[in-house]
Amino acid sequence: MTLGEPDLEALARGCAVFGGGGGGDPTLGYVMAREAIRRGGPVAVVDLDDLPDDGLVLPVAMVGAPTVIEEKIPNGSEGGRIQAVYERHFGRPVVALAVAELGGIEGMLPVAWAAHAGLPLADCDLMGRAFPEIHMCTPNLHGLPIGPVVVADERGNVATFTAVDAVWAERLVRPTCAAMGNCASLAIYPMTAARARAAVVRGSVTRAVRLGRLLAAGDPLAVLEAEVGAVRLIEGKVTDVERWTTQGFARGSAVVEGFGPDAGRLLRLEFQNENLLALLDGEPVASVPDVITVLDHHGAGAVVSERLRYGQRVTVIAFPCHPAWRTAPGLQLVGPRAWGYDLDYVPVERIHAARA
Amino acid sequence: MATVAELLTIPRLAGAVEPLAPVALDRRVESVAVLEDLHALGTPPPDSLVIVAEAASREAVGYRLDVLLRQASSREVAALALVREPLPRPSRTAVELAQRGHLALLRLSPRLGLAEAVIAVQQELAGGVSRLLERARACLDLIDEAERLRLSPATLVERAAEALGAEVRLGPPPGERGWLSVPVLIDGEPGPRLSTPGEGGDADTVRRLLLHRLVAAIERLESARQRAAEVPVQTRAELLTELLVREPQASRDLVRRARQLGIPIDGWHVVVRLELENLAELRPGDEVGAFNLAQLAVRVATESARATGGTWNRAGTGSTLLLVRSWQAEVGPELQAEVARAADLVIGRLRARIPRLVVRCGVGGVHVGSTGLRTSAMEARAALTAALTTGRRNLAVRFDSTGLRRVLLQWYALDEARDSVARLLEPLDRLGERRGREAIRTLRAYLDAHLSAGRAAETLGLHRNTVAYRIQRILELLGVDPEDPEQCLMLQLACRAREL
Amino acid sequence: MPRGLDLRLGIDVGGTNTDAVVLDPQDRVLATCKVSTTPDVTSGIAAAIAGVVGEGAVPPRRITHVMLGTTHATNAILEQRDLQRVAVVRIGGPATHAIPPLATWPDHLRRAVSAGEVIVPGGLEFDGRELAPFDPGALARFLESLEPPVEAVAVTGVFAPVCDRQEREAEEVVRRVLGEVPVSLSAEIGSVGLLERENATVLNAALTRVARRFAEALERSLAANGVDAVAYFTQNDGTLMALDYVLSHPVLTIGSGPANSMRGAAHLTGLSEAVVADIGGTSTDVGALSNGFPRQSAIPVEVCGVRTNFRMPDILSIPLGGGTRIHTGPDGLRLGPDSVGYRLSSEACAFGGSTPTLTDAAVYVGRADLGLHPNGTWPRGVPWEGAMERADETLAEAIDRVRESWRPVPLVVVGGGSIIAPDRIPGVGEIVRPSHFEVANAIGAAIAQVSGQVERVYHLGSRSREAALEEVRRMAAEEAVRAGADPQSVEIVDLEESTIAYLTGPALRIRARAAGALGSL
């Protein structure tokens, strides 16, 4: 398929749902992608099977503080510059850029860079949702190296890291990003299309666009149930939001008081950028790595966790994550215990079946 | 078996356990269990109090507490006690879950040993004499401590009830059957009764013994309280007495001390002067008896005055007694009548307590400040003199214009009085008839206005400065100190007598 | 001529009505007047002024201060009338090229306003370091290349709220090349969030002529009525700007109407923490009072299709008013969103008309007594109680969305349509209906204080948080004094700090607002 200006809104809406409360406000990414497409034309979205086996696929993202990104907007050519670094390093062409994190602004930015660089976008991502750290990617489960990692700023500074593992990469990227002014462009897990086929979440971009289109047209809950297997956790009003910062991450918890069919129930939502855990009347009803998303009744869009506030009328849904996350190594990386929740992971659809 | 609220009163847990939310305190508890690991709740017996050990309690925050509460209520746990230092308020979800599960959420101080807490609760739940003995021990400890802690009898009763975990009442004899009750002697006479419900058997013997110990303690506390209350009254009385007899110049220090003692010296006052005419005759030849009678009269008068409400202080000794009613905020002259009514009441009480007693009583006007206090005392004395001359007994006589007029007439009829008035006002008379009359009119208005030139000016329809100037001149001519109430009263009497 | 404070004239120009009130120094209402807003706005103002000074109790010579709240700026943008051609300058290259200036504007508005756009090298990092050196040559070349007329210039630098040095340098360049044109600097207009701040700055630059003309018209209206007074405009935080300040910050008048109502409600009730519902004929504005001032919106606000982030009262507007029509049809009961508006007094059933409105429902259920009672001429089969219930639910939900916590708050009901409000609303403590509720907005204008607001980002390396807070407080107070406040009475009314998370050590964004009584000028 081709991503043109009319598809961007659908992509943004879809990304917000997959983002599960994280990924930032998609508006800025949407405008950037639109500007780039207006200048560089539509972006081809290609399946990994249609790319040459040894062609390089480059997942890209933005790292940094959302506040800074909103002020210091990227140049737009970062994707092209990163591409050049890799082509020099590997001595072969980059055939496509890819979305690293499917959510909010991060799902949109690669579109802008691809349009700017005249590259196609591979129809995949590395998470199938949003996570806050760069090692929380499915290729990590397949033993693929995260590097070389390239960090670039808008001035033309480029740093390349060959890190021993993903955790070290995260450790090296953060101070570099800080030096660059607290936001930077990033490429991780460069891989050949052949390698990528088994190691990433495939079909993400087309799935997000399709979901976005359907959401705009029909009953959101029915669409989500049919498309991603979403279950409804509660329909109600946000009655309490608490936030705190630990180790540079914005964490918090919100309480949704049920109304209508859910009157008398309380849902507690725990989040760290992304929604991580939902407890209904003290009972866990969904947890990472499954995706928990808050939908606003007014506008029916997904609400990012930093925009949760008292009085919002919302429906909270959850749906299964990519199967790779449900394996033992997957759960070790991003399961409830990885976030400090002393709970065993139970797939959301199984909890739901037991409750029904 | 006991309710959560009852468990909170277990003496050994006192101060170390508190509810985190006012939820399910009426829930009945059957047993007690300890939870070492948040994940190992298992199946505790129904209606148990689960004490979460300290390490596990530290983890039971946020969503973990929600999960624990949820599990606990599904297993019919009656109460959860977290061993924590004081916590911030529990989260909305936690309180809500506790409410839904009708499950009490408690905090237990880590200072209390876990084993001790468990044993205390178990003993309480076991009931019977052993429970009572444990509580009786706490009650006796409390009685031993009562004086050191300066408990009031009411607080002692309240705390004893807490320690006993049963109702304890100080008041009229109980209406209910089966209650145990012991009278309390106040001033050697039977007063209220101390009562508690009985259950029969050996336990009631323990209860009866405890009641007697408690009553003895209450009597001790009560008499100590009376003595303690008397000391500052005594000091105040002496101070006031001095204040009223001293020269005004020498009283500045006294005024300061009065303020320190809490006498509202800067407020508005009415003085009641009581003379107990025949106190000596009532106990002829018995000096000790007469002294005791005087003491009794002082106490009865002071107490019955206070019983009428408001701030009262007393002064004077022997057969003359001054009662001062004071207000912090400004009050009008009409309140003199109210004080006079109170004085009548006091006289009534005195005569009820000491039959055949004869009392003379004068009530001064309402005046402000320390000078005003003295003025009111002078007026009370004048009114009392009027009472004497007019033969009114056992009745409060007010210092007011009508009563005064009669007194004045009688007084002015005396040659000596006429002479002294003439002597006093002579400097003004020398001004000539018209100017003299004008000066006396001005002076009277000034004195009636409690030495306020402004108000006098209003009465006279003159400018304030005119009045101030005239008064200065008049006082110079007379050589009188307006701050001296005695001189002022004499002047005021003289002015009024002239107008008769 | 400098004079002490005597009578104050408050005027609020709304979409439907222009209201005027006169207050004495003790804030007592001496006269009120409500006239229809006229298309040219100024003649409506003149009529309203004539209405209050004509009542005899108010000698025009005693009016010493005039405070005006107006939607004039909003209308000018909506109708693209009188807007100036603005040279749009962004300092931020090589960053920010991904989204050029005005990229999010509706095309027609962009054409009406823009004389040309440029991104010149420069800008700052969040901690005040240079992102890139500012290039004055590039700016000069751009300005020289523009086709005249260039009537105003808007300058927006990346992270200018941290430090406005580069924007000031750019202003110098503009002066050198173009001479005396109005220049709007983003640091004076909005907060962090480049696109939204830039948009607000460009709107501001485009509105400078509108502001000047409006100010002149106001002065003429005053003079024609024999009023010789110091004039102020109210801004969207419910405080005042002196006339010379409004000429350089006209965009701040946008949204001042609801802000005035809320300030008026606070004044009339003495409440400082409350929810205010301003119920008009067509719609209801619901907002929260915090510390006696309208709470400000934390998220971007759209003005005529343009996303901006200058401070705006956090207002929720719902299509519910006294004139809202009650529809009954095959799909059941529906309220509005259409309204009979100013035709209420001829078309509503209670006034002898035949259109069922919420005012009629209020009369029917006995909430309002207009002296006109339901009779045989009223249409049959209208579910009056049901309509009222639906209206109550809608209002209750709006109130609930506006309040910040689940604790009960008092509700103040003002505005001409307030008779439709119920006496009890779930979650609301007390419902207060102050006297003069129908002109609360004009009263809000008349009692307004003068304020100043400053927002800065600090990288907490060398200085403490307390020192940073203190500096922002001081700057806000100075800003208030510059805007005309009496230095003696200035106090901080709002202080907000937020940490910028991620990656490095603590960076703090601090916003402070100071307000004080009118200084004697």
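**Exercise 1.** In which hand of crossing, left-handed or right-handed, does H16(B) pass H19(B)?

*Solution.* The model is a predicted one, in which local features need pLDDT of at least 70, side-chain atom pairs count only at pLDDT 80 or more, and totals for chains, interfaces and linings use all residues. Residues are numbered from 1 along each chain as its sequence is written, while chains are lettered from A and ligands numbered from 1 in the order in which they are written.

Step 1: locate the pair, taking helices (H or I, at least four residues) and strands (E, at least two) as DSSP runs numbered from the N terminus. Helix H16 of chain B covers residues 433–448 and helix H19 of chain B covers residues 485–498; they pack at an angle of about 130 degrees, with their axes 10 Å apart. Axes here are lines fitted to C-alpha atoms, for helices over the stretch in contact, and angles run from 0 to 180 degrees between N-to-C directions.

Step 2: classify the angle, which makes H16(B) oblique to H19(B); angles under 35 degrees count as roughly parallel, over 145 as roughly antiparallel, 65 to 115 as roughly perpendicular and the rest as oblique.

Step 3: assign the hand. H16(B) passes H19(B) in a left-handed crossing, a crossing being left-handed if the near helix is turned anticlockwise from the far one by less than a right angle, and right-handed if clockwise.

Step 4: list the contact, where two residues are in contact if their C-beta atoms, placed from the backbone, lie within 7 Å. H16(B) contributes Ile440(B), Leu443(B), Arg444(B) and Leu447(B), and H19(B) contributes Cys488(B), Leu491(B), Gln492(B), Cys495(B), Arg496(B) and Arg498(B). By class the contact of H16(B) with H19(B) has six nonpolar, one polar and three charged residues, with Ala, Val, Leu, Ile, Met, Phe, Trp, Tyr, Cys and Pro counted as nonpolar, Asp, Glu, Lys and Arg as charged, and the others, Gly among them, as polar.

**Exercise 2.** Determine whether Ala494(B) is buried or exposed, and find what Ala494(B) touches beyond its sequence neighbours.

Step 1: count neighbours. Ala494(B) is buried, because 25 other C-beta atoms lie within 10 Å; the cut-offs are 20 or more such atoms for buried, 12 or fewer for exposed, and partly exposed in between, with C-beta atoms placed from the backbone.

Step 2: leave aside the neighbours within four places in sequence, and Ala494(B) is in contact with Val421(B), Leu424(B) and Leu425(B). Ala494(B) and Ser420(B), 74 residues apart in sequence, are 8.5 Å apart in space, C-alpha to C-alpha.

**Exercise 3.** Describe how H4(A) packs against H5(A), and state how many residues of H5(A) are buried.

*Solution.* Step 1: helix H4 (residues 78–90) and helix H5 (residues 104–117) of chain A pack at about 70 degrees, with their axes 7 Å apart, which means that H4(A) is roughly perpendicular to H5(A).

Step 1: the contact joins Glu78(A), Gly79(A), Gly80(A) and Gln83(A) of H4(A) to Trp113(A), Ala114(A), His116(A) and Ala117(A) of H5(A), and its classes are three nonpolar, four polar and one charged.

Step 2: 14 of the 14 residues of H5(A) are buried, so H5(A) is largely enclosed by the rest of the structure. Just after H5(A), Gly118(A) takes a positive phi of about 70 degrees.

**Exercise 4.** Which residues and elements bring chains B and C against chain A?

*Solution.* Step 1: for chain B, eleven residues are in contact with 13 residues of chain A. Helix H3 (62–74) and helix H4 (92–100) of chain B are the elements that give two or more residues to this side, and H3(B) gives the most, with seven residues. The side of chain B that touches chain A divides into four nonpolar, two polar and five charged residues.

Step 1: for chain C, 31 residues are in contact with 30 residues of chain A. Helix H12 (384–402) and strand S22 (491–500) of chain C each supply at least two residues of this side, and the largest share, three residues, comes from H12(C). The side of chain C that touches chain A divides into 19 nonpolar, seven polar and five charged residues.

Step 2: finish with the scores, which are ipTM 0.88 and pTM 0.66 for the model.
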